[in-house]
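Please look over the sequence and the structure below before reading on.

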Amino acid sequence: MRIALLQAAAVPLDVDHDLAVIDAAAADAAARGAELLLTPELFPVGYAPARIRAELTDTTIEDAAVRLAAIARRHGIALVHSLPSPADPHRGITATLVDAAGTVRGVHTKTHLFGPAEQEAFRPGEARPPLVELGGLTLGLLICYEVEFPETVRDLAVRGADVVLVPTALAGCPTVARTLVPARAVENGITVAYANHCGLEDGLVFDGESVVAGPDGAPAPRLEAGPEPASSSAEVAPARAGGDPELLVAEVGPARGHLTPHQDPDGPWYLHDRRPALYRRWAEED
């Protein structure tokens, strides 16, 4: 599957502006042959937890979700977007995968909230992250801080995820994109796609550095333009962004971790050599 990652700056609570950025990215991604567009955490409303809590209405959120589904239909591309959930019974941070027909295929509510700003504005989810079958691959959903916990990605991997899609809003900690995201990929033999904001929003300067980390931990090859792959003789850049707005496009495939070690001697043995019963016993001793 060819996927695209949007890295850009949102304008907090300017939904029209932010959806226009997503619409343009979806058009560009579809023209370049992408089947799915991954957007950053809370991008349609901007990353501004206190303002979201105080100023954003459920009607605005519901309208944004309808318009995002329409963007997917209009451009014939699946879309992962992140919005606050309605305030009743309590507001969380969600990631939703809609297919190219605009149909919701999976929704996840963020289970690990980062820092006081998020913890005061939102409530954590409890449900297990979902898996979605799309384009012959099994896709898992996480949100930002969750990918920094090995347990979350491991749970998706052992359940059969090929690719974990992560909308994020990361500022001031480039180690996550440079080190932890590749580690999550290589220790599970899967691909992790991580889409971040960049630039200034609500007083935060976001890192950018969106990346598609392959099962070996290295960035997947970047696909520069057009629906056709680049020539094999051409020098291929990695699917890793810098600090400026851009649209990353890369191809992702089945996870190597699904194979047995004998079938895939170069792949990770970690999924096969786990000892869950032992770990449970250790936990019970605490």
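What follows describes the aromatic pairs of this predicted model. The structure holds 4 aromatic pairs, and each such pair of rings can be described by the distance of the centres and the angle of the planes.

**Y47 and F206**

- Y47 and F206 form an edge-to-face pair, with 5.8 Å from centre to centre and 85° between the planes.
- Because Y47 lies in the loop between β2 (36-38) and α2 (49-55), while F206 belongs to strand β11 (residues 204-207), this pair ties together parts that are 159 residues apart in sequence.
- Y47 counts as buried, since its relative accessibility is 6%, and F206 is buried too, with a relative accessible area of 4%.

**Y279 and W282**

- The rings of Y279 and W282 have their centres 5.7 Å apart and their planes at 45°, so this pair is classed as tilted.
- Y279 and W282 both sit in helix α7 (residues 276-284), where, being 3 residues apart, they are separated by about one helical turn.
- Y279 is partly exposed, with a relative accessible area of 38%, and W282 is likewise partly exposed, with a relative accessible area of 45%.

**F114, Y145 and F149**

- Beyond the pairs described above, F114, Y145 and F149 are linked into a cluster by ring pairs.

Key
Residues are numbered from 1 along each chain as its sequence is written. This is a predicted model: local features need pLDDT of at least 70, side-chain atom pairs count only at pLDDT 80 or more; totals for chains, interfaces and linings use all residues. Side-chain values use heavy atoms; hydrogens and water are left out. Rings of Phe, Tyr and Trp (its six-membered ring) pair if their centres lie within 6.5 Å; planes under 30 degrees apart count as stacked, over 60 as edge-to-face and the rest as tilted. Helices (H or I, at least four residues) and strands (E, at least two) are DSSP runs, numbered from the N terminus. Buried means under 20% relative accessible area, exposed over 50%, partly exposed in between (1.4 Å probe, protein chains only).
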